[in-house]
Amino acid sequence: MTTSVDLLVPGRITTRDAIAAAFGCGTFQGIEPADKAGKVFVYSDPSAGEEYGYTFDGRAEDDEFGPLYLYTGAGANGPQKPSGRNGALLTHVEKGRELHLFVAAGRVPGSGTMQQRYVGQMVLDPVKPYDVRRGPGKDRVMRDVLVFRFRPAEGTTPAWTDADRVPVATKSGYEIVDPEVAVPTPVPVPKQGGVKVKKTEQHTTAETVADIPAGQRKVLRREGELVTAFVAHLEAAGHETHSFQIAVEGEPGALTPDLYDATDHALYEAKGLTTRANIRMAIGQLADYRRHIPGDKVLRVAVLLPSEPSDDLKDLLGEEYVELVYQTADGFAGWPLAYNKS
């Protein structure tokens, strides 16, 4: 006899009905809370997004903190909000609920019922729980969508497959998005609770822990606060700001510059620390972004920093034709940008 614990073994194929019967949740939505069981079940079906024209769902490239799975939130039409079923994801830690991820795995033979492969227990990224992206709704109207960022919970070896990776873009292009000036509140990382771990040959990653160092969390939040302050500075001067979501044909995911000043046709990359490594990274990012930004005028690019860098780093930026703006006690030095290098 199959027990509720047996259903939550990474790699196991099951159905929504079986999960609902075992844990007391619904069967129709992508996000299904099971209040009495202390769980939230997430059903990801990347093919559904492709049908409407977006490809956000799936296993993203690993970053310095390990594996990452992206999941588009609830809401078929209109801008998605961090409330309702999406709120169930954002509050799963404070409410003591485990988060469990399933991926669609084809139909039950001879039936229209969709099978679900259990990937494993997840947690929201403890620094940045979600990104805001642009994508069409069921009505084909473009809107903001919430793309949640899942990390494997402690003790989980996810049942990833190559098919779980974020689909590549079928064509290049861009969408205008608002800069993400609001930094979601970081979430704590819960411990693994009562879920079996099953290692099989199809698992392609080692056991991981969603544990981003506290120092790095502070840096990333400082970066968000820096962008927030600079956007307010630009808007007070009457400038229009937004950013871009850039798709590159044949590549998964999207390029997302930090900030674009449409009034000044200038692109900014912000860093939370004024270090050589961060400035070198920003130079490379800006060189990549600028190739995809439209406009008749020459695009100016600039690094946005929380403090003044050394003279040698200033020289490096100048030699690469990258402007410099940094925060001071009473505003921002280096803005408005000079025109002598454009």
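This is a predicted model: local features need pLDDT of at least 70, side-chain atom pairs count only at pLDDT 80 or more; totals for chains, interfaces and linings use all residues.
## Helix α2 and its buried side

Let's begin with helix α2, which spans residues 16-23. Four of its residues, R16, I19, A20 and F23, are buried. They lie on the same side of α2, because together they cover an arc of only 100 degrees around the axis.

Just after α2 comes G24, with a positive phi of about 75 degrees.

## Salt bridges around D131

With a relative accessible area of 8%, D131 is buried. One of its partners is K128, with the closest N and O atoms 3.0 Å apart. K128 itself counts as partly exposed, at 30% relative accessibility.

D131 also forms a salt bridge with R149, at 3.6 Å from N to O. This pair links distant parts of the chain, since D131 sits in strand β8 (residues 130-136) and R149 in strand β9 (residues 142-152), 18 residues apart. R149 is buried too, its relative accessible area being 14%.

## A partly exposed pair, and a network

Next, have a look at E308 and K314, whose side chains meet in a salt bridge of 2.3 Å, N to O. Both ends are partly exposed: E308 has a relative accessible area of 44%, and K314 has one of 27%.

Elsewhere, shared partners join salt bridges into one network made up of D63, D125, K128, D131, R133, R149 and R151.

Methods:
Residues are numbered from 1 along each chain as its sequence is written. Side-chain values use heavy atoms; hydrogens and water are left out. Buried means under 20% relative accessible area, exposed over 50%, partly exposed in between (1.4 Å probe, protein chains only). Helices (H or I, at least four residues) and strands (E, at least two) are DSSP runs, numbered from the N terminus. The arc is that of the directions from the helix axis to the C-beta atoms. A salt bridge is a side-chain nitrogen of Lys or Arg within 4 Å of a carboxyl oxygen of Asp or Glu.
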